Amino acid sequence: MTDPQPILELIYAFRRSKTMFAAVGLGVFDQLEAGPAGVESFPDFDRSAIERLLDACVSLGLLEKEGETYRNTPLASQYLVRSSPHTMSGYIVYSNYALFPMWQKLEDALREGTNRWMPVFGFPPGDLFRHFFSTPEAARNFLLGMHGFGQLSSREVASAFDLSRFRRMVDLGGGTGHLALAMIDRYPGMTAALFELPDAIEFARGMTGGRIELIAGDFFKDPLPAADLYAVGRILHDWAEDTIMRLLARIYDVLPSGGALLVAEALLDDDRRGPVDTHMQSLNMLVCTEGRERTLPEYRELLEAAGFVGVNGRRTGTPLDAVLAFKS
């Protein structure tokens, strides 16, 4: 008989992620970062129920247990505690309260070919980023999530190509500025700026230490700051092709001759057989945006249609790959 384990793993997968989502959302790892504690340190929960959650986190490698005392593993301390500089807690909270409900409507998205913001939350996709910044806490969770994910890839994206010829880089929609910071670390002769929505810029002030210029604006509407290298990370995959072409045209028009655009996105294999995580992200784009993930040839087609030349791609071994395109 064929081994059923791959099917069982898929059946159980959402239970494991939801267990971590709940523990992060309830502040379990934040509380235990202050020191080891027992079940009695969580008086707001049913004792038997919270013990099950803590023991489940032990089985997932997120907590350690000695006797009746629990403590964070190094993995949890680094990525699941809100105060950690490498935290992914913001994206986990966003996954729990925004993505998880929309994924429950995946079948409807497949039938209709549209995202689930309106059916689940009652507002249209055009208000997507307004939702992310609807409250200070929502903005913090979203930006911390993007920051945590960005830190996994930014250094590798910055080093995927030799960009030493460029003097000024502007990251369009770069969240907390993690890619711009990685750029100036990699290329000391380069200056960098972050061009972001006003609320994101205010949050980024506390993350960038004055090392890069912070410029508030909307890259679809406002004049783009001058640069010979622009970057868009996890931006193009959000939008339908007509919107992508409008943004690429704006970038192309202001680039000097010989300037370039660096795109950081997860690339599908040319034969579309993988990677699995990129296919899962493409389905995620279906339920929550107008966009999707693409192959390198598909990005090359978009970029060349906008006038770019010399389009090349690099796998980075991280959640995001790199594509570089030039203005002749």
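Leaving aside neighbours within four places in sequence, Leu172 is in contact (heavy atoms within 4.5 Å) with Phe195, Phe219, Leu224, Tyr230, Ala231, Val232, Ile235 and Ile251. The model is a predicted one, in which local features need pLDDT of at least 70 and side-chain atom pairs count only at pLDDT 80 or more, while totals for chains, interfaces and linings use all residues. Residues are numbered from 1 along each chain as its sequence is written, and side-chain values use heavy atoms, with hydrogens and water left out.

Leu172 belongs to the largest nonpolar core, which has 32 residues. A nonpolar core is a set of buried Ala, Val, Leu, Ile, Met, Phe, Trp, Tyr and Cys residues joined through side-chain atoms within 4.5 Å; buried means under 20% relative accessible area, exposed over 50%, and partly exposed in between, with a 1.4 Å probe and protein chains only. The members that touch the most other members are Leu172, Tyr230, Leu248, Ile251, Leu261 and Phe308. At least two residues of this core come from each of S3, strand S4 (191–196), S6, H12, S7, H14 and S11, where helices (H or I, at least four residues) and strands (E, at least two) are DSSP runs numbered from the N terminus. Helix H12 gives the most, with five residues. A second, separate core holds 30 residues, including Phe166, Ala204, Leu229 and Ala231.

Seven strands form an open sheet with mixed pairing, in the order S5-S4-S3-S6-S7-S11-S10. Two strands pair if DSSP finds at least two bridges between them. Strands of a sheet pair through backbone hydrogen bonds, either parallel or antiparallel. The edges are strand S5 (213–216) and strand S10 (309–314), each of which pairs on one side only. From one strand to the next, the twist averages 20°.

The bridge partner of Asn312 in S11 is Leu324, and Gly313 stands opposite Val323 in S11. These two strands form a hairpin with six residues between them, and Gly317 in the turn has a positive phi of about 75°. Another antiparallel pair, also over four bridges, is made by strand S1 (residues 63–66) and strand S2 (residues 69–72). Here Glu64 stands opposite Arg71 in S2. S1 and S2 form a hairpin with two residues between them, with a positive phi of about 65° at Gly67 in the turn.

Two helices lie across strands of the sheet. Helix H12 (residues 241–254) lies across strand S3 (168–172), strand S6 (229–233) and strand S7 (260–265), and runs at about 165° to S6. Helix H14 (residues 296–305) lies across S7, S10 and S11, and runs at about 155° to S10. Axes are lines fitted to C-alpha atoms, for helices over the stretch in contact, and angles run from 0 to 180 degrees between N-to-C directions.

A search of the whole structure finds six aromatic pairs. Rings of Phe, Tyr and Trp (its six-membered ring) pair if their centres lie within 6.5 Å; planes under 30 degrees apart count as stacked, over 60 as edge-to-face and the rest as tilted. Phe219 and Phe220 form an edge-to-face pair, at 4.9 Å centre to centre and with 65° between the planes. Both of these residues are buried, and together with Trp239 they form one aromatic cluster. The rings of Tyr252 and Phe308 have their centres 5.1 Å apart and their planes at 85°, so this pair is also edge-to-face. Because Tyr252 lies in helix H12 and Phe308 in the loop between H14 and S10, the pair ties together parts that are 56 residues apart in sequence. Tyr252 is buried at a relative accessible area of 18%, and Phe308 counts as buried at 2%.

Charged side chains also lie over rings, a charge being placed over a ring if NZ of Lys or CZ of Arg is within 6 Å of the ring centre and within 35 degrees of the ring normal. Lys327 lies over the face of Tyr252, at 4.7 Å from the ring centre, and Lys18 lies over the face of Phe100, at 5.1 Å from the ring centre.

Arg246, found in helix H12, is partly exposed, with a relative accessible area of 44%. Arg246 and Phe220 are 26 residues apart in sequence and 7.9 Å apart in space, C-alpha to C-alpha. In helix H13 (residues 276–288) lies Asn284, which is buried at a relative accessible area of 5%. Beyond neighbours within four places in sequence, Asn284 is in contact with Tyr91, Leu99 and Trp103.
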